Amino acid sequence: MPFNVWGHTLPEMEEWIVSKGFPKFRAKQLQDYLYRRYVYDFAEMKQLPGTMRDFLQKEAVLTKPTIMSSIKSNDQDTTKILLKLSDGSLIETVCMHHVYGNSICISTQVGCAMGCIFCASTRNGLERNLTAAEMLAEVYAFKESLDAPIHSIVLMGSGEPLTNYEEVLRFIRLANDPGLLNISFRNITLSTCGIVPQMYRLADEHLPITLAISLHAPNDEIRHRILPVSRQFKIEDVVKAARYYFKTTGRRVTFEYILIKGVNASVENAEELCRLTGRMNCHFNLIPINGTEHIKLYPPDMNEIRKFVSVLEKQGKSVTVRRQMGDEIQAACGQLKRRYLEEQ
Ligand code: SAH
């Protein structure tokens with residue numbers, strides 16, 4: 001198998017370059033071509049000696065996904081791309097253009113095994129895990145053409161990051177690497193549906209990344225109905241693991257809570273949510289459900305949302321209601337891919 005030069009730290013690249021008989025400093029030059037100058041054709045890497053370019057062409061490959069389609073929302077603040085991986089798999093990556101910089105939302109798996117009833121990514125199950133190099137390429141697919149810096153990365157696209165633990169952690173370290181994306185850990189958010197043992201494992205890595213937990217319900221009964229994987233973990237254990245995460249890393253966790261009319265959005269639900277989380281230092285990100293008319297799940301009206309928010313706020317909770325960026329370009333998980341496949 002030829003060596004894929006994409007997705008390595010500088011020390012890893014140095015080790016490989018030296019093992020092939022080239023001086024160590026050539027690794028840095030190669031890394032600069034890839035991650036600073038976006039030159040992906042070995043023949044065009046003119047600062048490398050001809051012998052090394054020939055060697056790379058024979059012994060190495062640069063395997064990266066290709067952009068199949070891209071759409072921008074009407075208000076221009078969200079762009080979504082569909083990427084084709086080397087094995088033909090399709091994944092989605094989203095860029096949200098904020099005033100303070102760009103935020104990239106990456107997928108961590110092709111498909112997803114979690115089975116959440118409202119999520120388009122999971123309908124065909126899990127196809128495979130993404131590698132760290134593929135996740136890195138998702139970010140570069142945007143980075144090359146952006147005129148503003150990347151401020152943050154959220155692991156909130158298709159897939160459950162904590163069931164692809166090693167590659168996700170490797171990606172997070174690559175994203176933080178000064179020679180690659182140089183994104184601070186604090187500006188990386190990992191979203192999980194609450195895989196309890198892996199939440200403890202992540203806490204014990206002591207990385208100051210933000211943990212977002214898809215809670216979506218105030219009790220097990222409702223949670224089991226919409227998030228099948230939750231049957232394996234009691235909601236109280238998820239909250240306990242979240243407390244441990246805060247205690248261990250000092251990072252306040254975010255609870256994501258999809259608001260679904262008639263399912264989990266009543267005042268009683270909000271009160272129960274307050275009791276469940278008690279006095280813990282956390283943030284609530286409420287997300288009116290989107291794009292699921294086909295399964296007859298709808299967001300509550302504004303009035304109901306306001307009531308829900310005010311119950312939480314009265315208890316002193318920090319709450320935001322997610323602005324629905326890119327709704328019309330189907331930014332929610334897996335919806336662009338489904339449409340593309342249906343058109344084929
Ligand atoms: N598996 C991880 C990360 C991927 S999903 C997790 O569950 O957190 C990222 C977020 O998008 C989750 O909070 C998920 O519940 C939410 N989401 C999925 N489909 C949605 C939809 N149709 N409307 C609103 N949010 C959705």
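Author: Happy to! On the α1 side, L10, M13, E14 and I17 meet R26, A27, K28, L30, Q31 and L34 of α2, where contact means heavy atoms within 4.5 Å. By class, that contact has 6 nonpolar, 1 polar and 3 charged residues; Ala, Val, Leu, Ile, Met, Phe, Trp, Tyr, Cys and Pro count as nonpolar, Asp, Glu, Lys and Arg as charged, and the others, Gly among them, as polar. This is a predicted model, in which local features need pLDDT of at least 70 and side-chain atom pairs count only at pLDDT 80 or more, while totals for chains, interfaces and linings use all residues. Residues are numbered from 1 along each chain as its sequence is written, and side-chain values use heavy atoms, leaving out hydrogens and water.

Now for the geometry of this pair. Helix α1 covers residues 10-19 and helix α2 residues 25-35; helices here are DSSP runs (H or I, at least four residues), numbered from the N terminus. Their axes lie 8 Å apart, at an angle of about 125°. Axes are lines fitted to C-alpha atoms over the stretch in contact, and angles run from 0 to 180 degrees between N-to-C directions. The two helices are therefore oblique to each other (under 35 degrees counts as roughly parallel, over 145 as roughly antiparallel, 65 to 115 as roughly perpendicular and the rest as oblique). The crossing of α1 and α2 is right-handed, meaning that the near helix is turned clockwise from the far one by less than a right angle.

Another pair is α4 (residues 132-143) with α5 (residues 165-176), whose axes come within 8 Å and cross at roughly 45°. These two are therefore also oblique to each other, and the crossing of α4 and α5 is right-handed. A132, M135, L136 and V139 in α4 touch E167, V168, R170, F171 and L174 in α5, a contact with 7 nonpolar, no polar and 2 charged residues.

Helices α6 (residues 196-203) and α8 (residues 235-249) pack at about 5°, with axes 9 Å apart. That makes α6 roughly parallel to α8.

As for the ligand, 18 residues surround it, the closest being E160, S191, S214, H216 and N290; a residue counts if one of its heavy atoms lies within 4 Å. A ligand oxygen is 2.6 Å from an N or O atom in the H216 side chain. Ligand nitrogen also comes 2.8 Å from a polar backbone atom of N290, and 3.0 Å from one of F118. Polar contacts like these are pairs of N or O atoms within 3.5 Å.

Technical notes: Polar contact = N/O pair within 3.5 Å; in protein donor to acceptor, adjacent residues only side chain to side chain.
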